[in-house]
Every structure is written in C-alpha cells, then in structure tokens.
Amino acid sequence: MMDLSQYSVEFITIAIAHLFAVASPGPDFAIVMKHSIQYGKRAALITSVGVGTAILIHVAYALAGIGLIINSTPWIYDLLIVLASGFLLYLGWGAIQSKPVTNQSSASSLDQTTPTLNDRKAFAVGFLTNGLNPKATLFFLSLFTVVVSFETPLIVKAAYGVYLTLATMAWFCCLSLVLTISSVRGIFVRNGYIFDRVMGVILILLALNILYNEIVLPQLL
C-alpha cells in the first residue's frame, strides 16, 4: 500500500502556492466578478465551474511533459499569449460598450432587470479565460517541474490536479456567492453600466500587460 504521508510536504507546498495564485487579481477574478454583478448567481457559479475545470488542461499538459515542448518552441508560447490577449480584448471591448439600463434604481428590482447568460456560454467564458491564461500556464508548468518530484507517482500527481481543480472552483464559487448577495450586488447594479465599463478597461489592460511583459519586453532586453 502506498504511503501517502511522504508526499505531505509536496502537497502543502502546492496548496499554499495555489492559494496565493488563485487569490491574486487576474483575468479569472475579473470575469467571475463581472458575471456575478451583471448576470447574477447562477451564471457566476457556472462561470466559476468553467474556470476550475480548465485547471485540468494545465495539469494535463504539465503531466504530459508538453512544458518541455513549449519551452523549446517559443512560437507556441507566443501564439498562446496572442490568443489569450485577443480573448481578453474581445471581452473587454464588449464590456466597455455597456449602456445604462432603465428602471434599475433599487436592489429590489434586480430579478426584473438582470440580463441573462445561458449556461453553456457562462461555462465556456470561464473555461477559456482560465485555459488561455498564460500566467496559469507558467504557474502549473513551474509547479509540476520545480515543486513536484519526478519520482512522485502519476496517480499522486493526478490527485494534486483534482485538488487544484476543486479548490479553484470552491474559491470562485465562494466569491460568486458573496458578490451576488443582494445588498452587495445592489451597490454595483445601480450603476451597472459604469461597473461594466470599468471591468472592460481592466480586462483590456490585463491583455495589454500580458502582451507587453511576455512578448514586447523580452524583445527589448
């Protein structure tokens, strides 16, 4: 029988690193917050599940050793950066075009004024936001290269991946529940179009920051 206690330090290190990573503001945080305020609890929770599910992609290629291919073939990583930035720019541009909604003066009217977002799209946006996040790519490649030992059995590494997926879902679902409390959400919804535009600017700035730091800046150094 496998002695799992020998992997406790490895797991604790992974859990702590993931906690700091998932709690730091980024594209995932921005899109879950946006959907919480704009579309309500159901859409936000499904978006959170999409974000968490995408973790499996990062874990899969980290375990498959695709990180070595990415590191040895820079254009693949550059393509990922461009795709991720383009997706964030698309979301940001849509958000800054948000217009004022009438009859939105009180928190009691939230149910009548909340626009809808179908479950499939909510999940897809969350999934793509995390799946195309280059910071997440670097984080998981580093995690499974530096922290996780080469001798660690594949089944234990897979268990790490399941934990990271569930932990990510739990974090963003909790964030969604807090942001969709009527008293909290009502503060944002009263001036929802302003919030949407601000989030749009944040998403665009995140995209430009990724492009600059990952593609432009390395060329200048």
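Mentor: The chain exposes about 11,800 Å², of which carbon and sulfur atoms supply 70%; accessible areas come from the Shrake-Rupley method with a 1.4 Å probe, and for residues only the protein chains shown count as cover. This is a predicted model, in which local features need pLDDT of at least 70 and side-chain atom pairs count only at pLDDT 80 or more, while totals for chains, interfaces and linings use all residues. Residues are numbered from 1 along each chain as its sequence is written, and side-chain values use heavy atoms, with hydrogens and water left out.

The chain has 12 helices and 0 strands (DSSP runs numbered from the N terminus: helices are H or I of at least four residues, strands E of at least two). Of its 221 residues, 44% count as buried, that is, under 20% relative accessible area, with exposed meaning over 50% and partly exposed in between (1.4 Å probe, protein chains only). Among contacts (heavy atoms within 4.5 Å) between residues at least 6 apart in sequence, 88% join residues at least 24 apart.

The patch itself consists of Phe-11, Ile-12, Ile-16, Phe-20 and Tyr-163, which together have about 490 Å² of accessible area on the surface. Patches are made of residues with over 30% relative accessible area and no salt bridge, like charges being joined within 9 Å and nonpolar side chains (Val, Leu, Ile, Met, Phe, Trp, Tyr) within 5 Å; a salt bridge is a side-chain nitrogen of Lys or Arg within 4 Å of a carboxyl oxygen of Asp or Glu. Helix α1 (residues 8–23) gives the largest share of the patch, 4 residues. Ile-16 belongs to helix α1 and is partly exposed, because its relative accessible area is 45%.

Rings of Phe, Tyr and Trp (its six-membered ring) pair if their centres lie within 6.5 Å; planes under 30 degrees apart count as stacked, over 60 as edge-to-face and the rest as tilted. By this rule there are 4 aromatic pairs. The rings of Phe-139 and Phe-140 have centres 5.1 Å apart and planes at 85°, so this pair is edge-to-face. Phe-140 is buried, because its relative accessibility is 2%.

Leaving aside neighbours within four places in sequence, Thr-47 is in contact with Ile-31, Val-32, His-35, Ala-122 and Gly-126.
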